[in-house]
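I opened the notebook this morning with a plain plan: go through the strands, the core, the charged pairs and the backbone angles, and write down what turns up.

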Amino acid sequence: QVQLVESGGGLVQAGGSLRLSCAASGRFFRINVMGWYRQAPGKQRELVARITSGGSTDYADSVKGRFTISRDNAKNTVYLQMNSLKPEDTAVYYCYARVITSSLSESDYWGQGTQVTVSS
């Protein structure tokens with residue numbers, strides 16, 4: 001099993017910044033992709049950003065230029081630096097990992113979610 005533990009959410013004013021962290025632990029062979037999704041009330045969960053083990057990144061158009069995803073492979077940790085936050089960024093943010101297990105199968109795991117609230 002793999003556990004993803006998120007931290008760093010909270011309340012911030014529009015224009016402010018927050019940094020989310022997500023650490024993976026457990027038994028696995030390798031983590032291929034780590035990323036962040038978010039879900040606002042009444043909306044579907046959507047991709048925010050993701051990063052491969054090689055460092056390739058992918059961002060939602062709505063956060064390009066404001067958010068930066070990074071990863072520390074040695075610590076199995078992914079970060080999301082969020083700058084110039086807007087009220088529409090308010091959502092529960094979920095960490096995601098696509099893992100190669102010790103039996104060499106591929107599985108997806110999710111964190112418990114962390115609330116980000118941006119006030120206007």
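**Entry 1: a charged pair to start with**

I began with Asp108, which is partly exposed at 38% relative accessibility. A reminder to myself before going on: this is a predicted model. Next I looked for the partner of Asp108 and found a salt bridge with Arg98, where the closest N and O atoms are 2.7 Å apart. The two residues sit ten residues apart and link distant parts of the chain, with Arg98 in strand β9 and Asp108 in strand β10 (residues 106-110). Arg98 is also partly exposed, with a relative accessible area of 30%.

**Entry 2: the other salt bridges**

How many salt bridges are there by this rule? I noted six. Some of them share partners, and in this way Arg38, Glu46, Arg66 and Asp89 are joined into one network.

I then checked two further pairs. Asp58 forms a salt bridge with Arg50, the closest N and O atoms being 2.9 Å apart. Asp58 has a relative accessible area of 30% and is partly exposed; Arg50, at 34%, counts as partly exposed too. Asp61 forms a salt bridge with Lys64, with 3.1 Å between the closest N and O atoms. Is Asp61 buried or exposed? I found a relative accessible area of 65% for Asp61, so I wrote it down as exposed, the cut-off being over 50%.

Strand β3 (residues 18-26) and strand β8 (residues 77-82) run antiparallel and are joined by six bridges. Cys22 stands opposite Val78 in β8.

**Entry 3: two hairpins**

Next came β4 and β5, which pair in the antiparallel sense over six bridges. β4 and β5 form a hairpin with six residues between them, and Gly42 in the turn has a positive phi of about 80°.

β5 also pairs with strand β6 (residues 57-59), again in the antiparallel sense, over three bridges. Ile51 stands opposite Thr57 in β6. The hairpin of β5 and β6 has four residues between the strands, and Gly55 there takes a positive phi near 100°.

Most residues other than glycine have a negative phi. With that in mind I looked for exceptions and wrote down two. Asn76 has a phi near 50°, a positive value in a residue other than glycine. Asn76 lies in the loop between β7 and β8, and at 24% relative accessibility it counts as partly exposed. Ser84 likewise has a positive phi near 50° and is not a glycine. I located Ser84 in the loop between β8 and β9, where it is partly exposed with a relative accessible area of 40%.

**Entry 4: the nonpolar core**

I kept the core for the end. Which residues have the most contacts inside the largest nonpolar core? They are Trp36, Leu80, Met82 and Tyr93, in a core of 32 residues. The elements that give two or more residues to this core are β1, β3, β4 (30-39), β5 (46-52), β7, β8, β9 (91-100) and β11 (114-119). The largest share, five residues, comes from β9.

I listed the contacts of Leu80, leaving out residues up to four places away in sequence. Among the residues Leu80 touches are Leu18, Leu20, Trp36, Val48, Phe67, Ile69 and Tyr93. Arg19, Ala49 and Thr68 are on the contact list of Leu80 as well.

Definitions and conventions. Residues numbered from 1 in each chain as written. Predicted model: local features only at pLDDT ≥ 70, side-chain atom pairs only at ≥ 80, totals over all residues. Heavy atoms only, no water. Pairing = 2+ DSSP bridges. Core = buried A, V, L, I, M, F, W, Y, C linked by side-chain atoms within 4.5 Å. Buried < 20%, exposed > 50% of the residue type's maximum accessible area, 1.4 Å probe, protein only. Contact = heavy atoms within 4.5 Å. Salt bridge = Lys/Arg side-chain N within 4 Å of Asp/Glu carboxyl O.
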